[in-house]
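Please read the following briefing alongside the sequence and the model. It begins with the surface of the chain and then turns to confidence, fold and individual residues.

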Amino acid sequence: MAAAIARGLRLIPDEREPLFLLRGHRTPHRHLRGEHVNPGLMRILDRLQDTPAQVMGPLGETLLQMPPAVALLGEQTHYTGAPAPPPTAGPPIRPPASGTSPPTTSSTAV
């Protein structure tokens, strides 16, 4: 609940700490990931409600999207990193073309 209040008031991390202490909670650990959007930037984005804008963190993660950006690009704030590559199990197996028989091997004695 304290985190929601801090976001609603658009407090910077140093201003959030006393709020958590007043509520009887320990201050949350600050992550290396830049999850915080500066309040000044939030005020600018408030004026851009009809513009597809989004805020990207230092690692390329989407921190905040305006509604038109969600409509244009899809919801991207839930991603936490690069997707895992698909597993590799060897070359793909392709079925033979229709109307052809599979190759046969024959051995001849010499």
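The protein chain has an accessible surface of about 9200 Å², of which 60% belongs to carbon and sulfur atoms; accessible areas come from the Shrake-Rupley method with a 1.4 Å probe, and for residues only the protein chains shown count as cover. This is a predicted model, in which local features need pLDDT of at least 70 and side-chain atom pairs count only at pLDDT 80 or more, while totals for chains, interfaces and linings use all residues. Residues are numbered from 1 along each chain as its sequence is written, and side-chain values use heavy atoms, with hydrogens and water left out.

**Confidence**
- The mean pLDDT (the predictor's confidence in each residue, from 0 to 100) of the protein chain is 75, and 63% of its residues reach 70 or more.
- Among the elements of the chain, H1 has the lowest mean pLDDT, at 77, whereas helix H4 (residues 67-73) has the highest, at 92.

**Fold and burial**
- The chain comprises 4 helices and 2 strands, running α-α-α-β-β-α from the N terminus; helices (H or I, at least four residues) and strands (E, at least two) are DSSP runs, numbered from the N terminus.
- Of the 110 residues in the chain, 16% are buried, where buried means under 20% relative accessible area, exposed over 50% and partly exposed in between (1.4 Å probe, protein chains only).
- Among contacts (heavy atoms within 4.5 Å) with a separation of 6 or more, 22% are between residues 24 or more positions apart.

- Ile 5 lies in helix H1 (residues 2-9) and, at 33% relative accessibility, counts as partly exposed.
- Met 1, Ile 5 and Leu 9 form a nonpolar surface patch with about 340 Å² of accessible area together; patches are made of residues with over 30% relative accessible area and no salt bridge, like charges being joined within 9 Å and nonpolar side chains (Val, Leu, Ile, Met, Phe, Trp, Tyr) within 5 Å, and a salt bridge is a side-chain nitrogen of Lys or Arg within 4 Å of a carboxyl oxygen of Asp or Glu.
- Ala 3, also found in helix H1, is partly exposed at 26% relative accessibility, and its C-alpha atom is separated by 8.9 Å from that of Leu 19, 16 residues apart along the chain.

**Thr 62 in strand E2**
- Thr 62 belongs to strand E2 (residues 62-65) and is buried, with a relative accessible area of 6%.
- Leaving aside neighbours within four places in sequence, Thr 62 is in contact with Gln 54, Val 55, Met 56, Gln 76 and Thr 77.
- The side chains of Thr 62 and Gln 76 make a polar contact at 3.4 Å, a polar contact being a pair of N or O atoms within 3.5 Å; within protein, one must be able to donate a hydrogen and the other to accept it, and residues adjacent in sequence count only if both atoms are side-chain atoms.
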